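The structure is shown first.

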Amino acid sequence: MDGREVADTARDWSAALIDCGGVSTPVPHDIRQLTARWIVELEAALSAEPFDPSPAYRIGGEMVRSNLTGPSMMGPTATALISLLERSQRPDQVQRFGTLLGELGSGYATELSKVCMQSQEAADQRFRVVFDNAAVAIALYDSNGITLEANPTTARMVGMAPEDLPGVAGLDLMHPEDRDKLRQVVVELYTRRQGTVHFEGRFCRPDGSVCWGAWTMTLVRGAGGRDLRLLAVGEDITERRALQEKLWWQARHDPLTGLPNRHSLLEKLETIVAEAHPADQIGLCFLDLDEFKLINDRYGHRTGDSVLAEIGRRLDAALTSPKVTLARIGGDEFIALLAPPCDEEAAHAAAETMLETLRDPIAVGLSDPLSMSASIGAVVTSVVGANAEKLLDEADTGLYHAKAAGRGTWVLHRTDDDPETGQ
């Protein structure tokens, strides 16, 4: 952020804290100066290499020591700081931001615990108000993972009544497939006997729904400073995970046909290359519709799109082998990737199957059904040490030969021999 953006964010954050009653007296410094400094430090932590979330933990403690302890201030704090996430260009920005918020809440909760010990009666009442009204989930567990105390936000998050949570094992709330991962994280933390860990996993609600949560877990001392307790600060990230998955899917799929796109195909190729054995071969069948431009010119692009969608559906329905990945890489071009083991016979069969899907005309509204044909350039090649882009170029060369051979044909391109044509 530049100075103006920091000032604007600090103004919004300060105003939100004041509006929600999160500013008590006395505040040692001007609240806007405080929030501006914290914003600069949190932005630096978000992009630092290596990533170190400890400044957020420290800031959480400073908020308590600055008497910013209103019962509902964490919600406006998270809202004000979301601009840091929006401006970040890092690929792991969401996870880092979630960790920083968790550390902020952990430092906040831990400092409140210290305040309780230093001034038991007054601070305990203040802690209880914050604990019960915090927008983040806060829970305390003993060394066996049994819930000692959990705030109402935790109860709402896991779909239980607050009075039912004490005595419940934290692992019992987790999805069975994520329990071992959580157990390992907690055991490692107790082995170190210090520090903070971040954990994301699924939890199961009593109504049967499965949601995602993110927790920052810190070891704290129990009463008398003897036993270790686990303090967990968490949030429901179900919607965030769904958005991440949606964006991931959109980045790797063609919006018209729903098929994998070029980016997804190259990722698949690179994975196959990385895992290939010396004798492994792959096949690529590069399909291009014959004279498709005439359809767009005569019937319009909407009709052209419906034709492409239907062709994608037909190809996807015909190429059912789990070893075949079908992709649309742009325009009227489709590629079938045949994973190892693959030989020329398999490529022949795939090319014939793809051409067969176009035998039947395609209905386009009230117009007469359109007869379609395509040309296919195929290649079967060794995959160890290959370059994914070059593999596509070789299939494209086969397509060039197929186009030269006439409509409705396929050509198996060989780099050391004449192409083989079929139709």
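## Overall make-up

The model is predicted, with local features needing pLDDT of at least 70 and side-chain atom pairs counting only at pLDDT 80 or more, while totals for chains, interfaces and linings use all residues. Residues are numbered from 1 along each chain as its sequence is written, and side-chain values use heavy atoms, with hydrogens and water left out.

The protein has 15 helices and 13 strands, taken as DSSP runs (helices H or I, at least four residues; strands E, at least two) and numbered from the N terminus. Of the contacts (heavy atoms within 4.5 Å) with a separation of 6 or more, 60% are between residues 24 or more positions apart.

## Helix packing

Two packed helices are described by the angle between their axes and the distance between the axes. Here the axes are lines fitted to C-alpha atoms, for helices over the stretch in contact, and angles run from 0 to 180 degrees between N-to-C directions. The axes of H1 and helix H4 (residues 74-87) come within 8 Å and cross at roughly 160 degrees. H1 and H4 are therefore roughly antiparallel to each other; angles over 145 degrees count as such, under 35 as roughly parallel, 65 to 115 as roughly perpendicular and the rest as oblique. The H1 and H4 crossing is right-handed. By the convention used, a crossing is right-handed if the near helix is turned clockwise from the far one by less than a right angle, and left-handed if anticlockwise. On the H1 side the contact is made by Glu-5, Thr-9, Trp-13, Ala-16 and Leu-17, and on the H4 side by Pro-76, Thr-77, Ala-80, Leu-81, Ser-83 and Arg-87.

H2 and H3 pack with their axes 9 Å apart, at an angle of about 160 degrees. That makes H2 roughly antiparallel to H3, and H2 passes H3 in a left-handed crossing. The residues of H2 that meet H3 are Arg-37, Trp-38, Glu-41, Leu-42 and Ala-45, and their partners in H3 are Pro-55, Ala-56, Arg-58, Ile-59, Glu-62 and Met-63.

## Aromatic pairs

Rings of Phe, Tyr and Trp (its six-membered ring) pair if their centres lie within 6.5 Å; planes under 30 degrees apart count as stacked, over 60 as edge-to-face and the rest as tilted. The count by this rule comes to three aromatic pairs. One of them is the tilted pair of Trp-13 and Trp-38, at 6.0 Å centre to centre and 55 degrees between the planes. This pair links distant parts of the chain, 25 residues apart, with Trp-13 in helix H1 (residues 3-19) and Trp-38 in helix H2 (residues 31-47). Both Trp-13 and Trp-38 are buried.

Why does the pair of Phe-199 and Trp-215 count as stacked? The ring centres of Phe-199 and Trp-215 are 6.2 Å apart and the planes are at 25 degrees, so the pair is stacked. Phe-199 lies in strand E3 (residues 196-204) and Trp-215 in strand E4 (residues 210-221), so the pair ties together parts 16 residues apart in sequence. Phe-199 and Trp-215 are both buried. Together with Phe-203, they form one aromatic cluster.

Arg-241 lies over the face of Trp-212, at 3.5 Å from the ring centre. The criterion for a charge over a ring is NZ of Lys or CZ of Arg within 6 Å of the ring centre and within 35 degrees of the ring normal.

## Cis peptide bonds

The peptide bond from Glu-49 to Pro-50 is cis, with omega near -5 degrees. Glu-49 has its place in the loop between H2 and helix H3 (54-65), and Pro-50 is found in that loop too. Glu-49 counts as exposed, at 55% relative accessibility. Leaving aside neighbours within four places in sequence, Glu-49 is in contact with Arg-90 and Arg-96.

Pro-340 and Pro-341 are also joined by a cis peptide bond, with omega about -5 degrees. Pro-341 lies in the loop between strand E8 (333-338) and helix H14 (344-356).

## Positive phi

Asn-67 is not a glycine, yet has a positive phi of about 65 degrees. Asn-67 lies in the loop between H3 and H4 and, at 19% relative accessibility, counts as buried.

Glu-291 likewise has a positive phi, near 55 degrees. Glu-291 is found in the loop between strand E6 (281-289) and helix H12 (292-299) and counts as partly exposed, at 47% relative accessibility.

Definitions and conventions: Buried < 20%, exposed > 50% of the residue type's maximum accessible area, 1.4 Å probe, protein only.
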